[in-house]
Amino acid sequence: MAVVEEPEQEFKPQKKKPDSEDDKRRKKITPGSLMKALIRPGAGENTPSDGDQVIYHCTIRTLDGVVVESTRAEIGGNGNPKRQVLGKSKILLGLLEGIPTMLNGEVAMFKMKPELHYGEEDCPVSVADGFPKDDELHFEIELIDFSKVKVISEDLGVLKKVKEEGQGWEQPREPYEVKAWISGKSGDGKLIFSHSQGEPFFFTFGKSEIPKGLEMGIGTMSRGEKAVIYVTKEYLTQCPLIPSVEGITEIHFEVELVHFVQVRDVLGDGRLIKRRVRDGRGEFPMDCPLQDSLLHVHYKGMLLNEEKTVFYDTRADENGQPLEFRSGEGLVPEGFEMCTRLMLPGEIALVTCPPDYAYDKFPRPAKVPEGVYIQWEIELLDYEKQKDWTGFNFREIMDDVEKIKGTGNRLFKEGKYELAKAKYEHVLREFNHVNPQDDDEGKEFSDTRNLLHLNMAACWLKMGEFRKSIEACNKANPAHAKALYRRGMAYMAGGDFDEARADFNKMMTSDKQSEAPAKAALLKLKKEEQETQRRARQQFKGLFDKKPGEIAEAGEEDLGEEVSGESHDTGGDGVVLDEDKEHLLQGTDPPRLGIWSRLWPSGRRLITTLGLDRCTIL
């Protein structure tokens, strides 16, 4: 029997990790240049390693026993031990090699030749003039503590040592409201202040109510976490917690994060604020209804007057029945839905909403005046995620598509083009996972996808995004009369008259039934070109009759007339491309672009649009 030998696998050596700067420095150490003598043994078995913060006292003596420098108060130092992070801080070569051999609490004497301390070539640690850096010296080191720390500021001015892990992963941020037990000690262990009894210290994140470095550290903590936050003087700002920081070089803050209230500036401009009143179930934001869902909420709407007038309450006005609505369908004010999407089941939130995100663009309750801020108290009871198509057959999928497309068409008719576009986009994304099984299903699938792309084009056109409208038409069947018509309208709205004319001409040759609307579109195109030429002549009329120095003024005057005349669009022509039952939506002509945009096509995207031609939603 023949034996088949497996080919030997080619050995690929792993790439060697390049040496760090500290590794390169360690290669300078020669035998006998660094000697260690144990004075007092330490405790435990672990020794420091890269990434650990080491806290130690250091006394430097000459070989004759003369003290040159010390951190100890009893020997003339300031009493503050040194704090450094191995692998990150600038540290003497001898200590870089020696400290990782020490146990916690150990005291040792290191005898160093000059090249191992300040006499090292290109030594990263500076020293005062007159220091005997060319002499052999004794370094007495007491390793007080070492631990893993989180580096919060790159310059190591803010570090955090976790003493007890917290719950969850959400961390406070501006403008959250925070409660914490906080006490602060100087580097030598003297207590500076303490908020560890009575009520926890309360502050609003981002309001400079605590030192900058402390706030940076608390911003990395989760609820219930206990930590020590080391802050150097560069990050010790004056604040209500510490009115004066003069003479303080660093503070070690003992912090227990008791609680924080999520406060979100939803728009980023301070107008739409969501404040969590009661925590919900689950983890933020994974368990929030971020995607379109069926939501059940109780809410109370109030005016922001002195009486906090209640204009609606589901518990009182609906016999205790909650409001049920689907997000993403424009069924509630925009600010209401934006904040509800950021809630957890069971959460209660207080929302302050500006008028343009409340009822100025939504059917206004009788008791709500125009242009006023609104406050809602919202309780999200629960929600149901939108069902996916897993386990659906083709017919069930297409029936669901018709429902979603119908919702998109309704939103389009209501002028909510962003929401309508989102519905069409959702179906097109899900279509990537649909596989028709026969020719009939394939044709229905292809036709529906083409119509969705054309509806997307209509949304982009209404939103003034002409190039995106053209791209959507190209994704449909570009030879289809409807695609040609819509793409031609987008070209015309964008000032590409030649491209628009070519599409309208193709319509007449590709589909005889489209000849009438194509001719109407060409007539409209001709009028647009004539209007553009007229405005061009008016824009430059008399420009070259000006004297030197008057040209800029003439241009400014004509430009002012151009802008003031931008808003005279009239109703659309209402072209229908076939006789099937479709929604014909009233609209305006494609927005006119200024003469500068016609003469400078690459800049026309900067022009603000007013309205669009009448569009047919499929």
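Colleague: Hi! Where is E164 found?
Modeller: In this predicted model, E164 is found in strand 8, which covers residues 158-164.

Colleague: And is E164 buried or exposed, or partly exposed?
Modeller: E164 is partly exposed, with a relative accessible area of 40%.

Colleague: Which residues does E164 touch, if we skip those up to four places away in sequence?
Modeller: With those neighbours left out, E164 touches E225 and K226.

Colleague: How far apart are the C-alpha atoms of E164 and K226?
Modeller: They are separated by 4.9 Å, while E164 and K226 are 62 residues apart along the chain.

Colleague: Let's talk about the inside. Which residues touch the most other members of the largest nonpolar core?
Modeller: That core has 29 residues, and the ones touching the most other members are I182, L214, I218, I229, L241, F253 and V255. Two or more residues come from each of strand 9 (177-186), strand 11 (201-204), helix 3 (212-218), strand 12 (226-232) and strand 13 (250-261).

Colleague: Which element gives the largest share?
Modeller: Strand 13 does, with five residues.

Colleague: Pick I182, then. What does I182 touch?
Modeller: Leaving out residues up to four places away in sequence, the contacts of I182 include L214, I218, L241, F253 and V255. I182 also touches F193, S194, H195, S196, F201 and E254.

Colleague: What lies apart from that core?
Modeller: Another core, of 26 residues, lies apart from it, and V434, A458, C459 and A472 are among its members.

Colleague: One more! Where is F497, and is F497 buried or exposed?
Modeller: F497 is found in helix 11, residues 497-510. F497 is buried, with a relative accessible area of 10%, and the cut-off for that is under 20%.

Colleague: How far is the C-alpha atom of F497 from that of K526?
Modeller: The separation is 8.9 Å, with F497 and K526 being 29 residues apart along the chain.

Conventions. Residues are numbered from 1 along each chain as its sequence is written. This is a predicted model: local features need pLDDT of at least 70, side-chain atom pairs count only at pLDDT 80 or more; totals for chains, interfaces and linings use all residues. Side-chain values use heavy atoms; hydrogens and water are left out. A nonpolar core is a set of buried Ala, Val, Leu, Ile, Met, Phe, Trp, Tyr and Cys residues joined through side-chain atoms within 4.5 Å. Buried means under 20% relative accessible area, exposed over 50%, partly exposed in between (1.4 Å probe, protein chains only). Helices (H or I, at least four residues) and strands (E, at least two) are DSSP runs, numbered from the N terminus. Contact means heavy atoms within 4.5 Å.
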